[in-house]
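Please examine the sequence and the model shown below. The paragraphs that follow proceed from the whole chain to single elements and then to one side chain.

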Amino acid sequence: PAIPLPLLLVKWPSGAGERQRSGVGSRTMSASIYSTKVDAESAMTTNGRDVELLPFVNDKHGGVIIEMTTPMDPQLFSASLKSLLSKWREQGIRGVWIKLPISLANLIQSAVEEGFWYHHAEETYLMLAYWLPNTPHTLPVNATHRVGVGAFVMNDKREVLVVQEKSGVLKGLGIWKFPTGVVEPGEDINIGVVREVKEETGVDAEFVEVLAFRQSHKAYFEKSDLFFVCILRPLSFDITKQESEIEDAQWMPVEEFAAQPFVQQHELVKYILEVGLAKADKEYTGFSPISIKSAFSPKQSLFYMNRRDLEKASGPIINTQKDS
């Protein structure tokens, strides 16, 4: 979504939770956006007494980022924040963010009393938000989706790799299903599905394509869900099931798998089987990843596309090799 300008991010040291410091910084306004540093040695005066000025820098979006390096007394923090909010309101600042690590949880009440609300939380911090103008806020919402993967893996004997789960809605029902899982933060789909197959069954596999995907809503914690169906090529065949989550795992003849009443009644599983066999036996082509670089960032990302049909339509793809 478009970013309302200017924005303010209040950042706090997170200690052992340094890997979690992205928060709103990476999701909405790029954490590495610092520019001009402001002298923080001066003080403000509120009601006739000096109030410590919180150290801050300007960001590239016309906002301000407060960078806390040491703990602060809640009353002093409240007075400093109150003074800054008054100043920023006069200057036309709109969105205000406060990132509080667990170690500074004693400052939550002070922020809430100034009008901040909870935006989202991770393992090591809580992010609060505030909108200064007297208008409906346009701050971006918290993450709305999680990403799941399902693996269609079939060997040369036309046996598919299937598992029975130890927990969840299928526990104890004797139902065989495809390996599934959730992609970890920062993990690509093609990497995540290979990892899930390895963890659940011990089978090494090579990612081939994304065959299809499903979007559903109001799923886990009222969030939406993107589920990517992938086809993998097995590189090993001995099975070692995951003791903590998997009741059993095996290679099963595809006809036997398809004959399960569960498969016939569950449209998603039926379509996964159908699209997997279409890829294996027919001319169905899914989406393979191509590494690309954004004009706005040096980071590589993956663009999934139907390479075969694109080449048919426009000739060979230009410069698809990964940058070194």
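The secondary structure of the protein consists of 8 helices and 17 strands; helices (H or I, at least four residues) and strands (E, at least two) are DSSP runs, numbered from the N terminus. The model is predicted, so that local features need pLDDT of at least 70 and side-chain atom pairs count only at pLDDT 80 or more, whereas totals for chains, interfaces and linings use all residues. Residues are numbered from 1 along each chain as its sequence is written, and side-chain values use heavy atoms, with hydrogens and water left out.

The pLDDT, the predictor's confidence in each residue from 0 to 100, has a mean of 81 for the protein, and 77% of the residues reach 70 or more. Over residues 1-43 the pLDDT is below 50, although this stretch has 121 contacts in the model beyond near neighbours in sequence; contact means heavy atoms within 4.5 Å. Residues 320-324 also have pLDDT below 50, with 5 contacts beyond near neighbours in sequence. Where pLDDT is low, the predicted coordinates should not be read in detail.

Of the 324 residues of the protein, 43% count as buried, that is, under 20% relative accessible area with a 1.4 Å probe and protein chains only (exposed is over 50%, partly exposed in between). Among contacts with a separation of 6 or more, 62% join residues 24 or more positions apart.

Strand β11 (residues 159-165) has 6 of its 7 residues buried, and is therefore largely enclosed by the rest of the structure. Its partner is strand β15 (residues 246-253), with which β11 pairs in the antiparallel sense over 7 bridges; two strands pair if DSSP finds at least two bridges between them. Leu161 stands opposite Trp251 in β15.

Among the buried residues of α4 are Ile189, Val193, Val197 and Thr201. After α4 comes Gly202, whose phi is positive, near 80 degrees.

Arg195 lies in α4. Why does Arg195 count as buried? Its relative accessible area is 16%. The side chain of Arg195 makes a polar contact with that of Glu187 at 2.8 Å; a polar contact is a pair of N or O atoms within 3.5 Å, where, within protein, one must be able to donate a hydrogen and the other to accept it, and residues adjacent in sequence count only if both atoms are side-chain atoms. Leaving aside neighbours within four places in sequence, Arg195 is in contact with Val182, Val183, Glu184 and Glu187.
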